[in-house]
Amino acid sequence: MTDPIYPARPRPGSIDAAEYDRRYAAAARDPEGYWREAAGCLDWARPFTTVKDTSFAEADFRIRWYGDGTVNLSANCLDRHLATRGDQVAIVWEGDEPGDGARVTYRELHALVCRFANVLKDHGVRKGDRVTLYLPMIVEAAVAMLACARIGAIHSVVFGGFSPDSLANRIQDCDSRLVVTADEGCRGGKRVPLKANVDKALAHCPSVETVIVVRRTGAEVPMTEGRDVPYDAAMAAAASDCAPEPVGAEDPLFILYTSGSTGKPKGVLHTTGGYGVWAATTFRDVFDWREGDVFWCTADVGWVTGHSYVVYGPLLNGATTVMFDGVPNYPDHGRFWETIARLGVTLFYTAPTAIRALMREGDSWVERHDRSSLRLLGSVGEPINPEAWDWYHRVVGERRCPIVDTWWQTETGGILIAPLPYATDLKPGSATRPLPGVLPQLVDAEGRVLEGATEGNLVIADSWPGQMRTVWNDHARFFQTYFSTYPGKYFTGDGCRRDADGYYWITGRVDDVINVSGHRMGTAEVESALVAHAKVAEAAVVGMPHEVKGQGIYAYVTLNAGEEPSDGLRGELRQWVRSEIGPIASPDAIQFAPALPKTRSGKIMRRILRKIAEGDTGNLGDVSTLADPAVVETLVRERVG
Ligand code: WTA
């Protein structure tokens, strides 16, 4: 069977197929020269003389780009645009209720950021200090990020859906001295008790001296004397001008916690120069941004997509970016399309899980709204199945809009594999080909490089500027996680197929990370939350196919002696995980298991658990190494769902 192909339709002034080939070859032949020129997308305070200084080998492991340059990304997002586009809208804020919104120009945003940078300084924040942001999708989130960047402080944004415990862990890990939050969030008509969550978290976070509280809903929230400061009052008291701090290209810009296959979430550290170049150039080229475009990425700033394509990528280019504080199905299933019509959105970027959820509700929710402003659609976060791709293309984009299926990771800083919309022929379900400067390879379990049409583990053979630099406080874990499996290469954790045309088809994670509605979740995290419950002896968590979420969470739970399985307890455990980690980690299925399948050395055989969860019980493979093969029969018999 051959895959359907949607030929690229060239657009005047856009990168075409020949130009893509030229750039790809140039970047492969001369990375130094290519990335020297590409860095011209930023205004450097002190020009760099070195470009690429990287090695993935253990003996001289290092990742440095533009190492002796200095550049301030706040100045690049704001100050340099004032002369040419001061009165252009930088951020269109769209609240939870349709039409409850605001428009902030570059000049206004610059003023807000300068003031808030002074607020941070007034509260003792200095270059290199960590600042945790636990906020809704409001303009103040972008203001706080850019204010940190302005003074060289490191922001750590924690998604507002995480629990007080998860927040506390992330604050402790990086010793933040200041937290910015809001009284409450407001999503899908429901309130989220952000400030109350911060209060709970801070009972275990002695490093935090100050909490700045933005007024979002106006709810009365308790304020702790000497620690909590209302945002409005602090802004009113602060000076209005603040020169950008000179920041080294390799000075940290932000930490963002993400799930891995083992242990607690790790603090992915991105630095300034290379990340800035990556966010700016990928935004410009993959979305083919032009003057006058209105760009809407529906991601939350609590995830990397929100960092690179709500805030940094668009603002570095002087674009107009939409910040959406709502959900796709509130007040109804037409919310995205109604908002696109009202705001005149031209470039729209969302996740397959949202597309699948809306597709189920029928075409009429889309068709009743005018989508003629749309020129391009994007997808991110998980593989998009061809049916969803087709619906997105045909119904949403009226067959007019190219779809950019963008593959990347928190670790990669920005998009690595994606079509260029007017250069690359599209195949539904494939992220197509690597961007210039990206060298993907497929390897087998032994690390042998596989050529041609094949399937294997996806690695990247050489560094690119937007790559993460370390795991905060744990450089050994950084090397161990990403560079030790296949020495000399960056291991993505993804499996992938490459077809005869050199197109890449991501098949999903090959490690113990699962992808639930485009949110990354470590099975180990959910397991440790479950075993923290008083009635649970042991737990094993795997992913299972889920029609809307992509993957769902399937938990096998062994209870302590004397505890009885019941539906009531199922509900209790689900609620428990919600409060331990957050609603996104709530198991979709819980199977009470008298015992788990283990090898004689006591290792849980997850391969078997995955198959049972998938309902693929006809072919469980070799179970002869199990300590007690009868365990499997019981699990198959009692499978839920
Ligand atoms: C998956 C999100 C297929 C992949 C930007 C990766 C994708 C993980 C795609 C990273 C895509 C992301 N097609 N799979 N277009 N985009 N993924 O760190 O498994 O939240 O490793 O970054 O999402 O998730 P993360």
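Modeller: In this predicted model, the crossing that α7 makes with α8 is right-handed. The two helices, α7 with residues 164-174 and α8 with residues 194-202, have axes that come within 8 Å and cross at roughly 55°. An angle counts as roughly parallel under 35 degrees and as roughly perpendicular from 65 to 115, and α7 and α8 are therefore oblique to each other. On the α7 side, the contact is made by Pro 164, Leu 167, Ala 168 and Ile 171, while α8 contributes Asn 197, Val 198, Lys 200, Ala 201 and Leu 202. Sorted by class, this contact of α7 with α8 holds 7 nonpolar residues, 1 polar residue and 1 charged residue.

A second pair, formed by α19 (residues 606-614) and α20 (residues 630-637), can be described in the same terms: the helices pack at an angle of about 20°, and their axes are 10 Å apart. With the limit for roughly parallel set at angles under 35 degrees, α19 and α20 are therefore roughly parallel to each other. The crossing in which α19 passes α20 is right-handed. Here Ile 608, Leu 609 and Ile 612 of α19 meet Val 632, Leu 635 and Val 636 of α20, and the residues of that contact comprise 6 nonpolar ones, with no polar and no charged residues.

Turning to the ligand, 17 residues surround it, and the closest are Asp 405, Thr 406, Thr 410, Asp 494 and Arg 520. Of these, Thr 406 places a polar backbone atom 2.7 Å from a nitrogen atom of the ligand, whereas Asp 494 has a side-chain N or O atom that is 2.7 Å from an oxygen atom of the ligand. Asn 515 also takes part through its side chain, where an N or O atom is 3.2 Å from a ligand oxygen atom.

His 519 belongs to strand β26, which covers residues 519-522. Apart from neighbours within four places in sequence, His 519 is in contact with Trp 303, Ile 514 and Ile 584. Its C-alpha atom is separated by 9.3 Å from that of Lys 549, a residue 30 positions away along the chain.

The peptide bond that joins Tyr 330 and Pro 331 is cis, with omega at about 0°, and Pro 331 is placed in the loop between β15 (320-324) and α12 (335-343). Asp 288, in turn, has a positive phi of about 50° although it is not a glycine, and its place is in the loop between α10 (273-286) and β14 (294-297).

Definitions and conventions
Residues are numbered from 1 along each chain as its sequence is written. This is a predicted model: local features need pLDDT of at least 70, side-chain atom pairs count only at pLDDT 80 or more; totals for chains, interfaces and linings use all residues. Side-chain values use heavy atoms; hydrogens and water are left out. Axes are lines fitted to C-alpha atoms, for helices over the stretch in contact, and angles run from 0 to 180 degrees between N-to-C directions. Helices (H or I, at least four residues) and strands (E, at least two) are DSSP runs, numbered from the N terminus. Angles under 35 degrees count as roughly parallel, over 145 as roughly antiparallel, 65 to 115 as roughly perpendicular and the rest as oblique. A crossing is left-handed if the near helix is turned anticlockwise from the far one by less than a right angle, and right-handed if clockwise. Contact means heavy atoms within 4.5 Å. Ala, Val, Leu, Ile, Met, Phe, Trp, Tyr, Cys and Pro count as nonpolar, Asp, Glu, Lys and Arg as charged, and the others, Gly among them, as polar. A residue is near a molecule or strand if one of its heavy atoms lies within 4 Å of it. A polar contact is a pair of N or O atoms within 3.5 Å; within protein, one must be able to donate a hydrogen and the other to accept it, and residues adjacent in sequence count only if both atoms are side-chain atoms.
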